Amino acid sequence: MPADVTMDKIVSLCKRRGFIFPSSEIYGGLGSCWDYGPMGVELKRNVKNAWWRTIVQERDDVVGIDTSIMMHPEVWKASGHVDSFTDPLVECKSCHLRWRADEIENQKCPQCGGELTEPRMFNLMFRTFMGPLEETASTVYLRPETAQGIFVNFENVVTTSRKKLPLGIAQIGKSFRNEITPGNFIFRTREFEHMELEYFVKPGTDDGWLDYWVKQRLDWYMSLGITKENLRLRQHGKDELAHYAKDCYDVEYLFPMGWSELEGIANRSDYDLTQHAKHSGKDLSYYDGQDGERYVPYVIEPSAGVDRSVLAFLVDSYHEEVVEGGNRVVLRLHPSLAPMKVAVLPLSRNERLAPLARDVYRRLCSSFMADYDDSQSIGRRYRRQDEIGTPFCVTVDFESLQDNQVTIRERDSLAQIRLPLEELDEALRAKLSGEAFDATTLWATREK
Ligand SMILES: [Zn+2]
(Lines give C-alpha, C1' and ligand atoms only; values in the text may rest on other atoms or scores of the structure.)
Protein backbone atom coordinates (compact mmCIF):
# COMPACT_ATOMS: atom_id res chain seq x y z
CA MET A 1 0.00 0.00 0.00
CA PRO A 2 1.51 3.34 -0.97
CA ALA A 3 1.88 5.64 2.03
CA ASP A 4 -0.76 8.10 0.83
CA VAL A 5 -3.71 5.69 0.69
CA THR A 6 -6.14 6.88 3.33
CA MET A 7 -9.43 5.33 4.35
CA ASP A 8 -11.15 8.52 3.17
CA LYS A 9 -9.82 7.99 -0.35
CA ILE A 10 -11.04 4.39 -0.37
CA VAL A 11 -14.48 5.31 1.00
CA SER A 12 -14.76 8.11 -1.55
CA LEU A 13 -13.80 5.89 -4.49
CA CYS A 14 -16.23 3.22 -3.30
CA LYS A 15 -19.09 5.72 -3.20
CA ARG A 16 -18.16 7.47 -6.46
CA ARG A 17 -17.82 4.31 -8.52
CA GLY A 18 -20.59 2.18 -7.04
CA PHE A 19 -18.65 -0.26 -4.89
CA ILE A 20 -20.05 0.46 -1.43
CA PHE A 21 -22.78 2.80 -0.11
CA PRO A 22 -23.89 3.58 3.44
CA SER A 23 -26.90 1.40 4.23
CA SER A 24 -30.31 3.15 4.23
CA GLU A 25 -28.54 6.32 3.15
CA ILE A 26 -31.70 8.27 2.30
CA TYR A 27 -32.72 7.84 5.96
CA GLY A 28 -29.36 9.01 7.23
CA GLY A 29 -27.71 5.61 7.25
CA LEU A 30 -27.52 2.90 9.90
CA GLY A 31 -24.40 2.65 12.04
CA SER A 32 -21.69 0.46 10.54
CA CYS A 33 -24.02 -1.09 7.95
CA TRP A 34 -22.97 -0.91 4.32
CA ASP A 35 -24.47 -1.90 0.98
CA TYR A 36 -22.49 -3.29 -1.93
CA GLY A 37 -23.29 -1.52 -5.20
CA PRO A 38 -22.99 -2.79 -8.79
CA MET A 39 -19.17 -2.90 -8.72
CA GLY A 40 -18.91 -3.99 -5.09
CA VAL A 41 -21.19 -6.97 -5.49
CA GLU A 42 -19.01 -8.25 -8.34
CA LEU A 43 -15.78 -7.71 -6.42
CA LYS A 44 -17.17 -9.38 -3.33
CA ARG A 45 -18.51 -12.31 -5.30
CA ASN A 46 -15.15 -12.71 -7.03
CA VAL A 47 -13.35 -12.80 -3.67
CA LYS A 48 -15.71 -15.52 -2.45
CA ASN A 49 -15.37 -17.47 -5.69
CA ALA A 50 -11.56 -17.28 -5.51
CA TRP A 51 -11.66 -18.66 -1.96
CA TRP A 52 -14.10 -21.41 -2.86
CA ARG A 53 -12.05 -22.38 -5.87
CA THR A 54 -8.83 -22.72 -3.84
CA ILE A 55 -10.39 -24.29 -0.75
CA VAL A 56 -13.07 -26.55 -2.23
CA GLN A 57 -12.88 -26.93 -6.00
CA GLU A 58 -9.17 -27.59 -6.33
CA ARG A 59 -8.91 -29.99 -3.35
CA ASP A 60 -10.22 -33.52 -2.97
CA ASP A 61 -10.09 -33.36 0.85
CA VAL A 62 -12.56 -30.48 1.31
CA VAL A 63 -16.30 -30.31 0.64
CA GLY A 64 -18.73 -27.41 0.97
CA ILE A 65 -21.85 -26.84 3.00
CA ASP A 66 -24.44 -24.08 3.46
CA THR A 67 -26.18 -24.15 6.83
CA SER A 68 -28.94 -22.01 8.27
CA ILE A 69 -28.23 -18.79 10.15
CA MET A 70 -30.61 -19.64 13.00
CA MET A 71 -29.81 -22.84 14.84
CA HIS A 72 -31.07 -24.73 17.89
CA PRO A 73 -30.26 -22.49 20.87
CA GLU A 74 -28.52 -25.40 22.62
CA VAL A 75 -25.80 -25.14 19.93
CA TRP A 76 -24.63 -21.86 21.44
CA LYS A 77 -24.68 -23.19 24.98
CA ALA A 78 -22.56 -26.15 23.89
CA SER A 79 -20.15 -23.98 21.93
CA GLY A 80 -19.61 -21.67 24.89
CA HIS A 81 -20.99 -18.58 23.14
CA VAL A 82 -23.87 -18.02 25.57
CA ASP A 83 -21.47 -17.87 28.51
CA SER A 84 -18.20 -16.65 27.02
CA PHE A 85 -18.80 -14.69 23.82
CA THR A 86 -18.72 -11.38 25.65
CA ASP A 87 -16.93 -8.06 25.79
CA PRO A 88 -16.59 -5.92 28.93
CA LEU A 89 -18.91 -2.93 28.57
CA VAL A 90 -18.69 0.38 30.44
CA GLU A 91 -21.05 3.37 30.24
CA CYS A 92 -20.25 7.05 30.71
CA LYS A 93 -22.21 8.45 33.65
CA SER A 94 -22.40 11.90 31.98
CA CYS A 95 -23.06 11.40 28.26
CA HIS A 96 -24.19 7.73 28.47
CA LEU A 97 -22.05 6.59 25.53
CA ARG A 98 -20.95 2.97 25.85
CA TRP A 99 -17.42 1.70 25.36
CA ARG A 100 -15.46 -1.50 25.43
CA ALA A 101 -13.63 -1.44 28.77
CA ASP A 102 -10.53 -3.07 27.30
CA GLU A 103 -10.20 -0.25 24.74
CA ILE A 104 -10.30 2.58 27.30
CA GLU A 105 -6.91 3.87 28.38
CA ASN A 106 -7.33 6.32 31.27
CA GLN A 107 -10.64 5.04 32.72
CA LYS A 108 -12.40 8.24 31.55
CA CYS A 109 -15.01 8.64 28.79
CA PRO A 110 -13.12 9.24 25.51
CA GLN A 111 -15.98 11.51 24.37
CA CYS A 112 -16.48 13.86 27.34
CA GLY A 113 -13.98 12.80 29.98
CA GLY A 114 -16.80 11.74 32.30
CA GLU A 115 -16.74 9.00 34.90
CA LEU A 116 -17.40 5.43 33.75
CA THR A 117 -19.48 2.68 35.33
CA GLU A 118 -17.96 -0.61 36.47
CA PRO A 119 -17.57 -2.99 33.51
CA ARG A 120 -20.24 -5.61 32.95
CA MET A 121 -20.04 -8.47 30.47
CA PHE A 122 -22.03 -7.88 27.30
CA ASN A 123 -22.90 -10.83 25.04
CA LEU A 124 -22.17 -10.12 21.38
CA MET A 125 -24.81 -12.44 19.96
CA PHE A 126 -27.93 -10.91 18.39
CA ARG A 127 -31.04 -12.42 19.95
CA THR A 128 -34.50 -12.71 18.49
CA PHE A 129 -37.60 -14.83 18.90
CA MET A 130 -38.78 -17.61 16.64
CA GLY A 131 -42.52 -17.71 16.14
CA PRO A 132 -45.21 -15.41 17.56
CA LEU A 133 -44.29 -15.60 21.24
CA GLU A 134 -41.62 -13.29 22.60
CA GLU A 135 -40.56 -15.50 25.48
CA THR A 136 -37.38 -17.18 26.68
CA ALA A 137 -38.41 -20.55 25.35
CA SER A 138 -38.49 -19.23 21.78
CA THR A 139 -35.19 -17.33 21.91
CA VAL A 140 -32.90 -17.91 18.95
CA TYR A 141 -29.58 -16.30 18.02
CA LEU A 142 -28.22 -15.02 14.76
CA ARG A 143 -25.04 -17.04 14.36
CA PRO A 144 -21.83 -15.20 15.28
CA GLU A 145 -19.78 -17.64 13.17
CA THR A 146 -20.55 -20.20 10.49
CA ALA A 147 -18.35 -22.83 12.13
CA GLN A 148 -21.02 -24.31 14.40
CA GLY A 149 -23.21 -25.18 11.41
CA ILE A 150 -20.27 -27.27 10.22
CA PHE A 151 -19.63 -29.01 13.55
CA VAL A 152 -23.23 -30.10 14.04
CA ASN A 153 -23.20 -31.56 10.52
CA PHE A 154 -19.85 -33.33 10.88
CA GLU A 155 -21.37 -36.79 11.01
CA ASN A 156 -23.80 -36.12 8.14
CA VAL A 157 -20.97 -34.97 5.89
CA VAL A 158 -18.55 -37.77 6.82
CA THR A 159 -21.24 -40.38 6.20
CA THR A 160 -22.53 -38.98 2.91
CA SER A 161 -19.27 -37.77 1.36
CA ARG A 162 -17.57 -41.16 1.91
CA LYS A 163 -14.30 -39.34 2.61
CA LYS A 164 -11.67 -40.14 5.20
CA LEU A 165 -9.80 -37.80 7.52
CA PRO A 166 -8.13 -35.41 7.12
CA LEU A 167 -11.34 -33.86 5.82
CA GLY A 168 -12.32 -30.21 5.51
CA ILE A 169 -15.81 -28.72 5.42
CA ALA A 170 -16.06 -25.19 4.06
CA GLN A 171 -18.78 -22.58 4.33
CA ILE A 172 -19.34 -18.99 3.23
CA GLY A 173 -22.15 -17.04 4.81
CA LYS A 174 -23.38 -14.19 6.94
CA SER A 175 -22.47 -13.87 10.59
CA PHE A 176 -23.67 -11.32 13.15
CA ARG A 177 -21.92 -9.79 16.14
CA ASN A 178 -23.35 -6.97 18.18
CA GLU A 179 -20.01 -5.16 18.44
CA ILE A 180 -19.83 -2.35 20.98
CA THR A 181 -17.44 -0.36 18.82
CA PRO A 182 -17.67 -1.21 15.12
CA GLY A 183 -15.88 0.96 12.63
CA ASN A 184 -13.20 1.57 10.03
CA PHE A 185 -15.61 1.32 7.09
CA ILE A 186 -16.30 -2.33 6.24
CA PHE A 187 -13.51 -3.62 8.51
CA ARG A 188 -15.64 -4.16 11.60
CA THR A 189 -19.39 -4.34 11.09
CA ARG A 190 -22.18 -6.00 13.02
CA GLU A 191 -23.34 -7.98 9.98
CA PHE A 192 -20.60 -9.49 7.86
CA GLU A 193 -19.68 -12.47 5.77
CA HIS A 194 -17.41 -15.28 6.86
CA MET A 195 -15.36 -17.69 4.76
CA GLU A 196 -14.63 -20.57 7.12
CA LEU A 197 -12.95 -23.92 6.76
CA GLU A 198 -13.07 -26.53 9.51
CA TYR A 199 -10.35 -29.05 8.77
CA PHE A 200 -10.74 -32.25 10.82
CA VAL A 201 -7.54 -34.15 11.59
CA LYS A 202 -6.22 -36.94 13.77
CA PRO A 203 -5.10 -35.72 17.22
CA GLY A 204 -1.33 -35.44 17.32
CA THR A 205 -1.13 -34.25 13.70
CA ASP A 206 -2.84 -30.95 14.53
CA ASP A 207 0.28 -28.80 15.05
CA GLY A 208 1.61 -29.75 11.62
CA TRP A 209 -1.73 -29.01 9.97
CA LEU A 210 -1.91 -25.61 11.67
CA ASP A 211 1.46 -24.68 10.16
CA TYR A 212 0.30 -26.01 6.80
CA TRP A 213 -2.87 -23.90 6.74
CA VAL A 214 -1.10 -20.75 7.92
CA LYS A 215 1.19 -21.02 4.92
CA GLN A 216 -1.65 -21.87 2.52
CA ARG A 217 -3.66 -18.87 3.58
CA LEU A 218 -0.78 -16.41 3.35
CA ASP A 219 -0.02 -17.73 -0.13
CA TRP A 220 -3.65 -17.27 -1.16
CA TYR A 221 -3.62 -13.53 -0.45
CA MET A 222 -0.33 -13.09 -2.28
CA SER A 223 -1.51 -15.16 -5.26
CA LEU A 224 -4.32 -12.62 -5.66
CA GLY A 225 -1.93 -9.70 -5.70
CA ILE A 226 -1.62 -8.56 -2.08
CA THR A 227 1.84 -7.10 -1.51
CA LYS A 228 3.97 -9.40 0.63
CA GLU A 229 5.28 -6.54 2.78
CA ASN A 230 1.72 -5.60 3.75
CA LEU A 231 1.05 -9.02 5.29
CA ARG A 232 2.37 -10.42 8.53
CA LEU A 233 1.65 -13.25 10.94
CA ARG A 234 0.97 -12.78 14.61
CA GLN A 235 0.71 -15.65 17.07
CA HIS A 236 -1.81 -15.17 19.87
CA GLY A 237 -0.44 -14.98 23.40
CA LYS A 238 -1.78 -17.59 25.83
CA ASP A 239 -3.86 -14.87 27.55
CA GLU A 240 -5.73 -13.85 24.40
CA LEU A 241 -6.63 -17.29 23.05
CA ALA A 242 -10.36 -17.87 22.62
CA HIS A 243 -11.96 -20.33 25.03
CA TYR A 244 -11.87 -23.12 22.43
CA ALA A 245 -8.39 -22.56 21.04
CA LYS A 246 -5.17 -24.44 21.67
CA ASP A 247 -3.17 -22.13 19.40
CA CYS A 248 -3.98 -19.34 16.95
CA TYR A 249 -2.33 -17.14 14.35
CA ASP A 250 -3.69 -13.96 12.85
CA VAL A 251 -2.89 -13.01 9.29
CA GLU A 252 -2.62 -9.24 9.60
CA TYR A 253 -2.76 -6.65 6.85
CA LEU A 254 -1.41 -3.12 6.92
CA PHE A 255 -4.73 -1.26 6.60
CA PRO A 256 -4.79 2.56 6.60
CA MET A 257 -5.57 2.45 10.36
CA GLY A 258 -2.60 0.15 10.98
CA TRP A 259 -1.92 -3.58 11.21
CA SER A 260 -5.23 -5.37 11.75
CA GLU A 261 -6.56 -8.90 11.58
CA LEU A 262 -7.51 -10.17 8.15
CA GLU A 263 -7.95 -13.81 9.05
CA GLY A 264 -7.56 -16.03 12.09
CA ILE A 265 -6.18 -19.56 11.82
CA ALA A 266 -6.95 -21.46 15.00
CA ASN A 267 -6.34 -24.90 16.38
CA ARG A 268 -9.76 -25.50 17.98
CA SER A 269 -8.61 -28.87 19.34
CA ASP A 270 -11.47 -31.35 19.93
CA TYR A 271 -13.37 -28.72 21.91
CA ASP A 272 -16.40 -28.27 19.63
CA LEU A 273 -17.12 -31.89 18.75
CA THR A 274 -16.64 -32.92 22.38
CA GLN A 275 -19.02 -30.21 23.56
CA HIS A 276 -21.67 -31.08 20.98
CA ALA A 277 -21.39 -34.77 21.82
CA LYS A 278 -21.93 -33.92 25.48
CA HIS A 279 -24.90 -31.58 24.92
CA SER A 280 -26.63 -33.59 22.17
CA GLY A 281 -25.96 -37.04 23.53
CA LYS A 282 -24.73 -38.15 20.09
CA ASP A 283 -21.40 -39.88 19.61
CA LEU A 284 -19.34 -37.61 17.34
CA SER A 285 -16.15 -39.66 17.40
CA TYR A 286 -14.62 -40.93 14.19
CA TYR A 287 -13.47 -44.44 13.39
CA ASP A 288 -10.17 -44.35 11.58
CA GLY A 289 -10.21 -47.56 9.54
CA GLN A 290 -6.61 -47.25 8.47
CA ASP A 291 -5.19 -47.02 12.00
CA GLY A 292 -7.96 -49.08 13.59
CA GLU A 293 -8.67 -46.40 16.20
CA ARG A 294 -11.62 -44.33 17.28
CA TYR A 295 -11.06 -40.70 18.29
CA VAL A 296 -12.62 -37.25 18.42
CA PRO A 297 -10.89 -35.29 15.62
CA TYR A 298 -9.01 -32.07 16.20
CA VAL A 299 -9.98 -29.10 14.06
CA ILE A 300 -7.84 -26.52 12.30
CA GLU A 301 -9.88 -23.47 11.35
CA PRO A 302 -8.84 -20.81 8.85
CA SER A 303 -11.56 -18.17 9.33
CA ALA A 304 -11.54 -15.15 7.05
CA GLY A 305 -13.79 -12.12 6.73
CA VAL A 306 -15.12 -11.52 3.23
CA ASP A 307 -15.63 -7.80 3.80
CA ARG A 308 -12.18 -7.38 5.33
CA SER A 309 -10.65 -9.18 2.40
CA VAL A 310 -12.53 -6.90 0.00
CA LEU A 311 -11.15 -3.89 1.89
CA ALA A 312 -7.61 -5.27 1.79
CA PHE A 313 -7.83 -5.92 -1.95
CA LEU A 314 -9.16 -2.39 -2.52
CA VAL A 315 -6.45 -0.76 -0.39
CA ASP A 316 -3.63 -2.81 -1.84
CA SER A 317 -4.63 -2.22 -5.45
CA TYR A 318 -5.25 1.52 -5.06
CA HIS A 319 -2.71 3.68 -6.88
CA GLU A 320 -2.51 7.32 -7.84
CA GLU A 321 -0.17 8.14 -10.68
CA VAL A 322 0.64 10.64 -13.38
CA VAL A 323 0.20 9.34 -16.91
CA GLU A 324 0.26 11.30 -20.14
CA GLY A 325 0.48 14.52 -18.19
CA GLY A 326 -2.66 13.83 -16.15
CA ASN A 327 -3.44 12.22 -12.82
CA ARG A 328 -5.20 8.93 -12.66
CA VAL A 329 -6.46 6.69 -9.89
CA VAL A 330 -6.21 3.04 -10.79
CA LEU A 331 -7.19 -0.14 -8.99
CA ARG A 332 -4.61 -2.72 -10.02
CA LEU A 333 -6.93 -5.55 -9.02
CA HIS A 334 -6.00 -9.09 -9.95
CA PRO A 335 -7.99 -9.90 -13.12
CA SER A 336 -9.92 -12.66 -11.35
CA LEU A 337 -11.15 -10.13 -8.78
CA ALA A 338 -11.88 -7.18 -11.08
CA PRO A 339 -15.65 -6.45 -11.21
CA MET A 340 -15.54 -5.94 -14.98
CA LYS A 341 -13.07 -7.90 -17.09
CA VAL A 342 -13.47 -5.81 -20.20
CA ALA A 343 -15.17 -2.58 -21.26
CA VAL A 344 -16.35 -1.92 -24.80
CA LEU A 345 -16.05 1.73 -25.72
CA PRO A 346 -17.13 3.16 -29.07
CA LEU A 347 -14.76 6.03 -29.86
CA SER A 348 -17.72 8.41 -29.93
CA ARG A 349 -21.50 8.34 -29.92
CA ASN A 350 -21.51 8.55 -33.70
CA GLU A 351 -24.39 6.39 -34.88
CA ARG A 352 -22.20 4.57 -37.40
CA LEU A 353 -20.10 3.08 -34.56
CA ALA A 354 -22.90 1.90 -32.31
CA PRO A 355 -24.04 -1.25 -34.18
CA LEU A 356 -20.56 -2.78 -34.34
CA ALA A 357 -19.71 -1.75 -30.75
CA ARG A 358 -22.98 -3.20 -29.42
CA ASP A 359 -22.29 -6.38 -31.36
CA VAL A 360 -18.78 -6.70 -29.86
CA TYR A 361 -20.24 -6.15 -26.40
CA ARG A 362 -22.95 -8.78 -26.87
CA ARG A 363 -20.40 -11.32 -28.01
CA LEU A 364 -18.06 -10.68 -25.07
CA CYS A 365 -20.62 -10.59 -22.30
CA SER A 366 -21.44 -14.26 -22.68
CA SER A 367 -17.82 -15.00 -21.74
CA PHE A 368 -16.91 -12.21 -19.31
CA MET A 369 -18.44 -9.55 -17.09
CA ALA A 370 -18.32 -6.73 -19.63
CA ASP A 371 -19.25 -3.06 -19.46
CA TYR A 372 -20.51 -0.90 -22.33
CA ASP A 373 -19.92 2.80 -22.06
CA ASP A 374 -20.48 5.48 -24.72
CA SER A 375 -20.85 8.52 -22.47
CA GLN A 376 -18.38 11.43 -22.31
CA SER A 377 -14.94 11.59 -23.88
CA ILE A 378 -12.87 8.47 -24.42
CA GLY A 379 -10.28 9.78 -21.95
CA ARG A 380 -12.83 10.13 -19.16
CA ARG A 381 -14.20 6.69 -19.89
CA TYR A 382 -10.69 5.19 -19.64
CA ARG A 383 -10.27 6.92 -16.25
CA ARG A 384 -13.55 5.47 -15.02
CA GLN A 385 -12.52 1.97 -16.06
CA ASP A 386 -9.13 2.49 -14.37
CA GLU A 387 -10.90 3.45 -11.14
CA ILE A 388 -13.02 0.31 -11.11
CA GLY A 389 -10.02 -1.81 -12.05
CA THR A 390 -11.13 -3.09 -15.47
CA PRO A 391 -8.11 -4.93 -16.92
CA PHE A 392 -8.97 -4.30 -20.59
CA CYS A 393 -10.75 -1.69 -22.68
CA VAL A 394 -11.77 -2.47 -26.24
CA THR A 395 -12.23 0.58 -28.43
CA VAL A 396 -14.28 0.51 -31.61
CA ASP A 397 -13.37 3.33 -34.03
CA PHE A 398 -14.09 4.28 -37.62
CA GLU A 399 -11.21 2.16 -38.87
CA SER A 400 -12.87 -0.83 -37.22
CA LEU A 401 -15.75 -0.47 -39.67
CA GLN A 402 -13.27 -0.95 -42.54
CA ASP A 403 -10.80 -3.55 -41.24
CA ASN A 404 -12.86 -5.38 -38.57
CA GLN A 405 -10.14 -4.74 -35.99
CA VAL A 406 -10.38 -3.15 -32.55
CA THR A 407 -7.89 -1.58 -30.16
CA ILE A 408 -7.28 -3.23 -26.80
CA ARG A 409 -5.81 -1.14 -24.01
CA GLU A 410 -4.28 -2.77 -20.96
CA ARG A 411 -4.99 -1.11 -17.60
CA ASP A 412 -1.60 -1.28 -15.87
CA SER A 413 0.92 -0.86 -18.68
CA LEU A 414 -1.37 1.25 -20.90
CA ALA A 415 -0.07 -0.88 -23.77
CA GLN A 416 -2.33 -0.97 -26.82
CA ILE A 417 -2.63 -3.33 -29.75
CA ARG A 418 -5.00 -3.75 -32.63
CA LEU A 419 -6.53 -7.14 -33.04
CA PRO A 420 -8.91 -8.76 -35.54
CA LEU A 421 -12.36 -9.12 -34.00
CA GLU A 422 -12.42 -12.90 -34.47
CA GLU A 423 -9.33 -13.20 -32.20
CA LEU A 424 -10.66 -10.92 -29.46
CA ASP A 425 -12.47 -13.43 -27.29
CA GLU A 426 -9.60 -15.89 -27.27
CA ALA A 427 -6.97 -13.22 -26.65
CA LEU A 428 -8.86 -11.82 -23.66
CA ARG A 429 -9.48 -15.29 -22.29
CA ALA A 430 -5.76 -16.09 -22.45
CA LYS A 431 -4.76 -12.80 -20.85
CA LEU A 432 -7.34 -13.06 -18.07
CA SER A 433 -6.56 -16.64 -17.12
CA GLY A 434 -2.78 -16.27 -17.26
CA GLU A 435 -1.11 -16.80 -13.91
CA ALA A 436 1.79 -14.53 -14.78
CA PHE A 437 -0.10 -11.36 -15.50
CA ASP A 438 2.21 -9.12 -17.51
CA ALA A 439 0.72 -7.56 -20.58
CA THR A 440 3.87 -5.67 -21.49
CA THR A 441 5.65 -8.82 -22.64
CA LEU A 442 3.01 -9.49 -25.26
CA TRP A 443 1.92 -5.99 -26.06
CA ALA A 444 4.78 -3.66 -26.70
CA THR A 445 3.09 -0.59 -28.13
CA ARG A 446 2.52 2.28 -25.71
CA GLU A 447 -0.64 4.33 -25.63
CA LYS A 448 -0.36 7.33 -27.93
ZN1 LIG B 1 -19.08 10.77 28.21
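The donor residues of the zinc ion follow the spacing C-x2-C-x13-C-x2-C in sequence. The model is predicted; local features need pLDDT of at least 70, side-chain atom pairs count only at pLDDT 80 or more, and totals for chains, interfaces and linings use all residues. Residues are numbered from 1 along each chain as its sequence is written, and side-chain values use heavy atoms, without hydrogens and water. The protein donors (N, O and S atoms within 2.8 Å of the metal, 3.2 Å for Na, K and Ca) are the SG atoms of Cys92, Cys95, Cys109 and Cys112, at 2.2 to 2.4 Å from the zinc ion. The site is tetrahedral, with angles of 101 to 119 degrees among its 4 donor atoms; this class requires four donors with all angles between 85 and 135 degrees.

Accessibility classes are buried (under 20% relative accessible area), exposed (over 50%) and partly exposed (in between), using a 1.4 Å probe and protein chains only. Cys109 is buried at 3%. Cys112 is partly exposed at 43%.

A salt bridge places a side-chain nitrogen of Lys or Arg within 4 Å of a carboxyl oxygen of Asp or Glu. The count comes to 43 salt bridges. Glu115 pairs with Lys93 in one of them, at 3.3 Å, N to O. Glu115 is partly exposed at 48%, and Lys93 is partly exposed at 46%.

Asp386 and Arg383 also form a salt bridge, at 3.4 Å, N to O. Asp386 is buried at 0%, whereas Arg383 is partly exposed at 22%. Salt bridges with shared partners join Glu321, Arg328, Arg332, Arg383, Asp386, Arg409, Arg411 and Asp412 into one network.

Terms used: Four donors count as tetrahedral if all angles lie between 85 and 135 degrees; four count as square planar and six as octahedral if opposite donors are over 155 degrees apart and all others between 65 and 115; anything else is irregular.
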